[in-house]
Amino acid sequence: VPDDLVVAVLGTGTMGAAMAANIAKAGLGLRVWNREPELAAPLGELGAVIGSTPAQASQGADVILTPLANESVVGQVMDQARDGIDKGAAWLQVCTVSPDGSRRLAQQAAQLGVGYVEAPLLGTKEHWTAATYRTRRQR
Amino acid sequence: MISDDLDAPSFPLVAAAKDAVLITDAARAAGLRLGIAETVRERLQLAVASGSGRADVAATYRVSRRHATT
């Protein structure tokens, strides 16, 4: 992993906040956004740049994570991020969605000009905090 | 669960409900009716509807308490 990699975490709920903290501790650049800003604010102490919109948080990010509530929210937030996303960024989509939903989001990624990686996570806050979560084996 | 201290979720109930819907919908689309998973879906959705969505998934027990008959 390059030292200067910048990761945007859109959604800092139970999963997102724990992942973001690990990203900051690993020394990577961190940008965050959350619909309720008070949940993102504590990450500022770890050096995160806090965006007031998904687009602002996505600016200059090499990797965009979407630990959000469901497919509908993921789609909406990535649409709101549109103007901030760098072409060529990689979208690591970590919210579990249906197979059809994954195909819809992959289409959206193509329209946004970003790479799409479906990476739904198994685990609870304890796994995300300890960074022992697993991605599902892809066929 | 004993002290009902479930407001700082390890896994939010609403997310578990969402996943239960994904699982049972996929099964239904394949012509399968997953009995226990369907019941889990119903219980989790009841818990969300009654306001426990942001609590830990263990808060689903509140539905059982409310439906207790003895």
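What percentage of the 139 residues of chain A count as buried? The answer is 47%. Buried here means under 20% relative accessible area. The model is predicted.

**Overall build of chain A**

- Chain A holds six helices and eight strands.
- Along the sequence, they follow the pattern β-α-β-α-β-α-β-α-β-α-β-β-α-β.
- The radius of gyration is 14 Å, close to the 14 Å that the globule rule gives for 139 residues, so chain A is as compact as a globular protein of that length.
- Taken along the principal axes, the C-alpha atoms of chain A fill a box of roughly 40 × 30 × 30 Å.
- Take the contacts in chain A between residues at least 6 apart in sequence: 59% of them join residues at least 24 apart.

**Surface and charge of chain A**

- The accessible surface of chain A is about 7100 Å².
- Carbon and sulfur atoms account for 51% of that surface.
- Chain A carries 12 positive and 13 negative side chains.
- The centres of these two sets lie 9 Å apart.

**The open sheet in chain A**

- Strands of a sheet pair through backbone hydrogen bonds, either parallel or antiparallel.
- In chain A, six strands form an open sheet, and the pairing is parallel.
- Their order is β3-β2-β1-β4-β5-β6.
- Strands β3 (49-50) and β6 (115-118) of chain A stand at the edges.
- Each edge strand has a single partner strand, so one side of each is left without a neighbour in the sheet.

**A closer look at strand β5(A)**

- Strand β5 of chain A spans residues 90-93.
- β5(A) pairs with β6(A) in the parallel sense, over four bridges.
- Within this pairing, Trp91(A) stands opposite Tyr116(A) in β6(A).
- β5(A) also pairs with strand β4 (residues 63-65) of chain A, in the parallel sense and over three bridges.
- Here Val63(A) has Ala90(A) in β5(A) as its bridge partner.
- In a regular strand the side chains alternate between the two faces of the sheet.

**One residue of chain B: Asp19(B)**

- Asp19(B) sits in helix α1 (residues 13-29) of chain B.
- Not counting residues up to four places away in sequence, Asp19(B) touches Thr96(A) and Phe11(B).
- Asp19(B) and Arg41(B) are 22 residues apart along the chain, and their C-alpha atoms are separated by 8.6 Å.

Conventions: Residues numbered from 1 in each chain as written. Chains lettered and ligands numbered in written order. Predicted model: local features only at pLDDT ≥ 70, side-chain atom pairs only at ≥ 80, totals over all residues. Heavy atoms only, no water. Helix = DSSP H or I, 4+ residues; strand = E, 2+ residues; numbered from the N terminus. Contact = heavy atoms within 4.5 Å. Rg over C-alpha atoms; globule rule 2.2 N^0.38 Å. Buried < 20%, exposed > 50% of the residue type's maximum accessible area, 1.4 Å probe, protein only. Areas by Shrake-Rupley, 256 points an atom, 1.4 Å probe, with all protein chains shown as cover. Lys, Arg positive; Asp, Glu negative; His and termini not counted. Charge placed at Lys NZ, Arg CZ, Asp CG, Glu CD. Pairing = 2+ DSSP bridges.
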